[in-house]
Every structure is written in structure tokens, then in C-alpha cells.
Amino acid sequence: MKILAKLAFAAAALVAGSAAAQTYPAKPITMIVPFAAGGPTDVVARIVTEHMSRTLGQQIVIENVGGAGGTTGTTRASQAGNDGYTIMMGHMGTHGAAPALYPNLKYDPSKDFEPVGLAAGTPILIVAKKAFPAQDLKGFVDYLKANGDKVNQAHAGVGSVSHSTGILLTSQVGTKTTQVPYTGTGPALNDLVSGQVDFMTDQIVNVAEQIRAGTIRAYAIATPSRSPALPDVPTTKEAGLPQYEVSAWNAIFAPKGTPAEVVTKLNDALVKALADEGTRKRLLDLGAVLPEKNEQTSAWLGDFVAKEVARWTPVLKAAK
Ligand code: MLT
């Protein structure tokens with residue numbers, strides 16, 4: 001009799017679960033952004049979720065959870081309920097670089113999440129305070145080599161995009177700097193503008209407006225070709241550091257076990273946001289690279305995350 005009761009209970013739970021997935025979302029959704037408000041991940045999250053909320057008919061509420069290079073918020077997301085009401089905006093740091101830099105990382109980027117979809121590619125720039133004593137990338141590199149740890153390098157914590165792309169740069173240049181960690185490159189940018197910190201490598205969606213306003217210096221963009229959003233900023237190849245080519249990305253994830261119907265609804269809302277002219281314009285104006293249609297599926301993101309972890313692990317172990 002007991003086994004029958006168990007089977008009946010399991011069947012009821014299954015029916016309830018799929019019924020909940022069918023009515024999803026029935027209440028607001030929380031999106032964890034594992035960095036401070038105002039930074040690149042937060043900016044991408046707020047732009048895409050504004051349109052996603054309209055499609056889903058429920059507000060997606062951003063919760064900024066900073067710390068430990070984004071792994072604090074990412075760990076929290078990995079342990080959240082998998083009913084679809086807690087999701088996150090991750091990126092090349094949280095779901096690519098972190099495993100190489102955190103031996104005891106409490107989550108596996110591939111195993112502990114359901115990939116929802118890629119939101120934006122974010123090219124990396126080498127940016128410095130306005131008063132930095134170098135007129136071009138060659139002068140910047142020479143200054144780094146000559147002054148090493150007298151130079152303050154901002155980043156968003158070990159394993160973040162700004163940290164991992166930063167140690168890649170300093171290891172290629174062959175120097176060590178003084179690292180200044182923040183809870184996100186939003187706050188770091190404030191200190192760069194005020195001259196409290198010397199330089200950082202950061203995502204274009206965070207620094208494009210300040211570069212255009214002339215409040216910080218941009219020595220180069222680390223992509224093969226220039227950004228249409230910043231046509232006057234040379235590539236690292238043009239500026240004499242061709243080996244420094246690196247780009248980042250931001251993507252939406254749900255906790256492992258989130259029902260497929262829920263993931264599909266979230267992906268559908270993201271795809272519609274990326275097709276919306278207004279959303280596209282806001283992202284493109286900030287220099288984001290929009291995913292191609294084939295890059296917008298959950299399956300594509302799942303494969304991509306596995307490749308990113310495999311790509312960054314040897315690079316960062318060597319850089320350390
Ligand atoms: C941010 O949003 O602050 C950045 O994505 C942090 C980083 O990874 O550099």
C-alpha cells in the first residue's frame with residue numbers, strides 16, 4: 001500500500017510541477033547580478049530584462065549580489081529554487097574563468113545551471129585615468145614594464161572579467177601591478193574617472209560613454225577589428241600588442257533542474273528582446289556585439305560555457 005501512496009504522491013507532484021511550468025511566470029522573477037549596480041553585467045541585465053518583462057508579463061527584478069569576483073552571487077543562484085523565479089546574469093568570468101582561479105568553487109558552471117541564452121558579447125578595452133603618463137598603447141606598456149607594482153590596476157575581484165583579462169595583459173607584458181579589487185567595474189570606473197586608480201581592462205558596455213566623453217583614456221580595444229561604437233579607438237593589433245586579443249560575454253542562466261518549459265519561455269523572451277529594435281540600439285550604442293540567431297539557443301550556450309572553461313583554465317593557470 002505504501003508504494004502505491006508514494007507513486008500517487010510522485011505523480012501528483014509531477015502534475016503540479018508541470019501545471020506550475022504551464023502558468024509560469026505567475027509572479028515577479030528575481031535576476032541575480034553578481035556584481036555591483038551600474039557595471040557592465042548590471043547594464044546588460046537591465047537592458048534585456050526590460051523587454052523580457054514585457055514579453056513574460058511579469059517584472060524581472062534585478063538583485064545585485066557582489067563579492068568574490070562574482071562567485072558569491074553565482075553560488076547563491078546555483079543553490080536557489082529551480083522553479084524559474086530565481087535566474088542570473090553570468091558571464092565569461094563567473095562561467096568561464098572562475099574554475100581556474102577558485103580551487104574550491106562551490107558550483108560547476110556546466111553542471112549546476114540550465115543555460116538560458118547569450119545576451120551580449122562585450123569586447124574588452126584597456127582604459128586608464130585621464131592623467132596616465134602615456135600617449136599610446138606602446139607608451140602604456142613601456143610605463144607598466146618600468147613601474148610595475150607602482151601602478152594600481154582596478155578589477156571586480158578574482159575571477160571577474162576585469163581581473164582575468166587584466167592578468168592576461170600583465171602576464172603578456174611581463175610585469176606585476178598593484179591590484180585594487182571592487183565589487184564591480186561600475187564603482188571601479190568612478191575611481192578611474194576621478195584618478196584614484198590608474199587603469200583596468202573592462203567591458204565596452206561599461207566604458208564606452210566615458211571614453212566618448214573624454215573622462216578616461218582608451219589605449220586599445222582587444223578585438224580583431226574596431227568597434228563601430230568607438231571608431232577612433234585602435235585595436236591592440238594596430239597599436240602594437242597583437243597577442244592581446246580577448247572578448248567577454250554576458251548570458252542568462254537558471255538553476256539546474258529548472259523545468260524545460262520554463263527555460264524555453266525565458267529563452268523565447270530573451271530572443272524577442274534581442275530582436276527588438278530599441279533593445280538592439282541600446283546595446284549596440286554601448287558597443288555590445290549582439291548574438292547571431294544560431295548563438296541565441298540554450299543548447300548553444302551550454303556548449304559555449306564548456307568551451308570557455310576549457311579555454312580559460314590553461315591560460316589563467318599560466319598567467320598566475
Ligand atoms: C561588472 O559587471 O562589474 C563586471 O562584469 C565585473 C567583471 O567581471 O569585471
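Biologist: Hi! Which domains is the protein chain divided into?

Modeller: Domain 1 covers 2-121 + 249-319, and domain 2 covers 123-247. Keep in mind that this is a predicted model.

Biologist: Good to know. What separates the centres of the two domains?

Modeller: Taken over C-alpha atoms, the centres of domain 1 and domain 2 are 27 Å apart. In the contact, domain 1 takes part with 31 residues and domain 2 with 30 residues.

Biologist: And how much area do domain 1 and domain 2 bury between them?

Modeller: About 2100 Å², with 67% of it on carbon and sulfur atoms. On the domain 1 side, Pro 40, Leu 286 and Ala 319 supply 25% of the area buried against domain 2, more than any other three residues.

Biologist: How many salt bridges are there across that interface?

Modeller: The rule finds 0 salt bridges between domain 1 and domain 2. The overall count, by this rule, is 11 salt bridges.

Biologist: Can you show me one? What does Glu 63 pair with?

Modeller: Glu 63 forms a salt bridge with Arg 76, and their closest N and O atoms are 3.0 Å apart. This pair links distant parts of the chain, 13 residues apart: Glu 63 sits in strand S2 (residues 60-64), while Arg 76 belongs to helix H3 (residues 71-78).

Biologist: Switching to helices, at what angle do H9 and H10 cross?

Modeller: The axes of H9 (residues 260-275) and H10 (residues 277-285) cross at roughly 75 degrees and come within 5 Å. That makes H9 roughly perpendicular to H10.

Biologist: Nice. Which residues meet there?

Modeller: From H9 you have Ala 273, Leu 274 and Ala 275, and they meet Glu 277, Thr 279, Arg 280 and Leu 283 in H10. Sorted by class, this contact of H9 with H10 has 4 nonpolar, 1 polar and 2 charged residues.

Biologist: Now the backbone. Is the peptide bond from Tyr 24 to Pro 25 cis or trans?

Modeller: The bond from Tyr 24 to Pro 25 is cis, with omega near -5 degrees. Pro 25 lies in the loop between helix H1 (2-23) and strand S1 (29-33).

Biologist: Last one: what is the phi of Ala 68?

Modeller: Ala 68 has a positive phi of about 55 degrees, although it is not a glycine. You'll find Ala 68 in the loop between S2 and H3. For context, most residues other than glycine have a negative phi, and most peptide bonds are trans.

Notes:
Residues are numbered from 1 along each chain as its sequence is written. This is a predicted model: local features need pLDDT of at least 70, side-chain atom pairs count only at pLDDT 80 or more; totals for chains, interfaces and linings use all residues. Side-chain values use heavy atoms; hydrogens and water are left out. Axes are lines fitted to C-alpha atoms, for helices over the stretch in contact, and angles run from 0 to 180 degrees between N-to-C directions. Helices (H or I, at least four residues) and strands (E, at least two) are DSSP runs, numbered from the N terminus. Angles under 35 degrees count as roughly parallel, over 145 as roughly antiparallel, 65 to 115 as roughly perpendicular and the rest as oblique. Contact means heavy atoms within 4.5 Å. Ala, Val, Leu, Ile, Met, Phe, Trp, Tyr, Cys and Pro count as nonpolar, Asp, Glu, Lys and Arg as charged, and the others, Gly among them, as polar. Domain bounds come from an automatic or database domain assignment. Buried area is the accessible area (1.4 Å probe) that two parts lose on being put together, summed over both. A salt bridge is a side-chain nitrogen of Lys or Arg within 4 Å of a carboxyl oxygen of Asp or Glu.
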